[in-house]
Amino acid sequence: MEALSLPAALSLVAGGGAGLSPELRAALGASLPLLQRDYRFERVWFWGCIQGVRGAYYIAQGLGPDRAAPRSRLYSLNCLDWSLLTAATEEMLALAEEVKGRFQGDPSFEYSLAEINPEHERVPVMKEEARLIATIEQIDRAVGIVPRGAFVKTPLGSVHENRHFEGLSLVEAKKLSSYFHFTEPTNLKNKTLLEKADLDPSTDFLNSLEHDIPQGSWSIQLEKGGSVVVLRSLLWLGLTFYHVPMTKQFGYVYFGTGEKNLDLPFML
Amino acid sequence: MDPSPEPDPSHEPHSAYPEGAYPEGAYPEGAYPEDAYEGGHGPYQPHEPGYGLDQPGYSPYEDEIPDAQARMLAIKNAKAYLLTTSTKSGLNLYDHLATILTKILDEQPANTVDIIETISQDVKWAQFRKKMDTLRDEHLIPPTFEAAEKCKALFIKEAGEEEPEELDEEMGEPALPNVMETAFYFEQAGIGLSKDECYYIFLAFKNLISVQPIQTCRFWGKILGLEMNYIIAEVQLREGEEEEEEREEEEEETVAEEEKEMGEGEEEVEQKEKEPEPPKSTYKPPPEIPKEANGTGTNKYVYFVCNEPGKPWVKLPPVTPAQIVCARQIKKFFTGRLDAPIVSFPPFPGNEANYLRAQIARISAGTHVSPTGFYQFPEDEEEEEGGDTYEENPEFEPPPVAEMVESLAMWAHHVKGILKQGRCVWINPAQKSEEDEEEGEEEEEEEEEERQEETGQPLLTLISEDEGNLRTSTSAGVTNTIQKATLLRCPRRQRQNFPLSQESLRQQTPLWKRSWLSRLRRKKP
């Protein structure tokens, strides 16, 4: 969620019980603008919080002029001092899939992969920081969503916010097809020509949610008497997306343990 | 200076000379023809844009038709062309451009040239709606307003309600829970619903208390579902009312049994007339373990749920041990509808209301903790292992916050744990079927009974004695880590008016990391 609209946004996602204490909120209000100044980000998003056993990681993202470019991620243990995380590699992602269980809360903790899978002789340990990077990347790729029409792609390829986006209507807001994954699209080319004809290439350049597997992995609810649409992911428990229809307010935040819900097909 | 054709950067007229434009020595120094035009542009060269425009008839300003009348005609033709109505949409370009320019001049957005196409599209769509719709749009009342009405109804007092002062005199303690106060403390820890929602819940509790005969009431929590959520209240009904309800339930059960017997009698008569049937199986299912009585064990409290504050409260049925045993084996999302079936393996004996009640029982038994010593067994009763009651310890001295955080032995369960059988107090299922057994079988079962009797930990055990992974997944933390001002003790119940800068959490409700997350989605502790 946008750092500038943090207080209002937090009250909209509080229906899930997740939130920040007043102390952390105040700290974020002070430290996120400083991040923007120091790293020359155009936008700073507060990504969320991953709860470990002994501590929590607070994550922020910075975006440059092209909103679809790889984002810089920073983490902090107290919302005041932020450390930059390196970009995620495929190897990190593959290793992180094998580590199970809660995060410890200590960035230098090492998971011994040799116990989990004896084949890993080359890389016997995985640091918690690497697991954190990989988890954030996975969550963003899998369930980081934006409403349709909020971003436009220019003919040069870069992606910007659509200044003419006035929000989804109430009817559109209840449909899964009005929301897109904010990552590289994978199945746009698989659409039939008939569907493609209806699409607008400047706004429909991302995957929509309706083809997510398994079906029903999103829960859409209208809260506050129908004035806020809240989408909760069931695959990564704790990711909440909110949007106030007919306004420009939207955002997503993750408050959870950082574990993928592999039992999802059984739970539906 | 040698007369080279290389351009001299300090003395360069407006146009740029490519190399080799002048052959060497073509002009003496200072005699370049361009120099004669100081401050202006020299004659255009063929390679430069603008070449030839100085010829008469080709200047950009001479595009106009020289003849005035012919010019007016040309203008009219151009305008008529712009005014032609499109065959498809009924619009014409002239009006469209005029509207766009008016809109742009009115709004004056920044970087207009970049968004001109979007503006054009928007204007077109606006035009469409006006002209093509001959039917008037039905005035849609979005659900927002209905929900707002319900919320408003919460605020309005019903006519004829007793004044709150009278209520306080009759009852010892106020039954209405102070939801806002607990919400404040939880907010310090970073957990909780927004203040607005908490207030609506508080008002909904007022309604609940006025409708149901309630002795004590507490906000248990909120469980998220796929379509709707549940808000749960933990309630103890007044004693007279409970007996009435039990009697009603028993009457219903006996009526159902009588109906079954009547049905069986009829079937038996029919069977005698038919041909001999295949042998019936001699499998006797294990005897059903009876549920605990209302007011004890897992059914100590009664739970009411509603989907949203403002909607009517529904009472959840008491939980049976079979439901708890099955709930331990399955993992399902709640949909938000209490009558939804639970499709699972092993099959859950009940619908979503029963599953919800079973999960509530498991969560309460596993995670409700309080500081050690806050509750004590009442002194007049003997300390039996099956003691179910506890009372506040008036001599409780709150230990300092640092101690409470570091050692898990400072916290104790105040809800009885659930045994494997599904009850808090073990019961021997063999006692029910005494009539059918022979003596030999009874002896065998007694031996088994000794092996199988389960005992749980007594009430008020420290959570540091929890087994296995329960200990590692519970952690304690302080709410305020930055300000290390004064280490204040945790407040007593009475002194809660002023918030303290460092405080541990209120005693009754569980806070810790595994428990709040496990409240949100049903998880096995």
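Author: Two residues are in contact when heavy atoms of one lie within 4.5 Å of heavy atoms of the other. The model discussed here is predicted.

Reader: What does P177(B) touch, leaving out residues up to four places away in sequence?

Author: The residues in contact with P177(B) are F202(B), F205(B), I209(B), C217(B), R218(B) and F219(B). P177(B) itself is in the loop of chain B between α5 (164-170) and α6 (179-189).

Reader: Why is P177(B) called buried?

Author: Buried means under 20% relative accessible area. P177(B) has 12%, so P177(B) is buried.

Reader: Where do Y199(B) and F202(B) lie?

Author: Both are in helix α7 (residues 195-211) of chain B, three residues apart, which is about one turn of the helix. An α-helix has 3.6 residues a turn, so residues three or four places apart point the same way.

Reader: Is F202(B) buried or exposed, and what is Y199(B) called?

Author: The limits are under 20% for buried and over 50% for exposed, with partly exposed in between. F202(B), at 15% relative accessibility, is buried. Y199(B), with a relative accessible area of 35%, is partly exposed.

Reader: What makes a group of residues a nonpolar core, and how many residues has the largest one?

Author: The residues must be buried, come from a set of nonpolar types such as Leu, Phe and Trp, and be joined through side-chain atoms within 4.5 Å. The largest core has 54 residues, and W47(A), L132(A), F151(A), Y179(A) and L231(A) have the most contacts inside it. Helix α5 (residues 128-143) of chain A gives the most to this core, with seven residues. A second, separate core has 30 residues, including L12(A), L24(A), F41(A) and C49(A).

Reader: What does F151(A) touch, and which residues share its ring cluster?

Author: Beyond four places in sequence, the contacts of F151(A) include W45(A), R67(A), V159(A), F182(A), F205(A) and F250(A). Ring pairs join F151(A) into a cluster with W45(A), F165(A), F182(A), F250(A) and Y252(A).

Reader: How do you know that the buried residues of α3(A) line one face of the helix?

Author: Helix α3 (residues 90-98) of chain A has M92(A), L93(A), L95(A) and A96(A) as its buried residues. Down the axis of α3(A) they fall within an arc of 170°, so they line one face.

Reader: Why is R131(A) said to sit over the ring of F103(A)?

Author: The test for Arg asks that CZ be within 6 Å of the ring centre and within 35 degrees of the ring normal. The charged end of R131(A) sits over the ring of F103(A), at 4.2 Å from its centre. That distance therefore falls within the 6 Å limit.

Reader: What makes the bond between F345(B) and P346(B) a cis peptide bond?

Author: Omega is about 0° for the bond joining F345(B) and P346(B). P346(B) lies in the loop between α9 (321-327) and α10 (352-367) of chain B.

Reader: What confidence does the predictor give chain B and the complex?

Author: On a scale from 0 to 100, chain B averages a pLDDT of 70, and 56% of its residues score at least 70. pLDDT stays under 50 over residues 159-172 of chain B, where the model has two contacts beyond four places in sequence. The complex has an ipTM of 0.88 and a pTM of 0.72.

Methods:
Residues are numbered from 1 along each chain as its sequence is written. Chains are lettered from A and ligands numbered from 1 in the order in which they are written. This is a predicted model: local features need pLDDT of at least 70, side-chain atom pairs count only at pLDDT 80 or more; totals for chains, interfaces and linings use all residues. Side-chain values use heavy atoms; hydrogens and water are left out. Buried means under 20% relative accessible area, exposed over 50%, partly exposed in between (1.4 Å probe, protein chains only). Helices (H or I, at least four residues) and strands (E, at least two) are DSSP runs, numbered from the N terminus. The arc is that of the directions from the helix axis to the C-beta atoms. Rings of Phe, Tyr and Trp (its six-membered ring) pair if their centres lie within 6.5 Å; planes under 30 degrees apart count as stacked, over 60 as edge-to-face and the rest as tilted.
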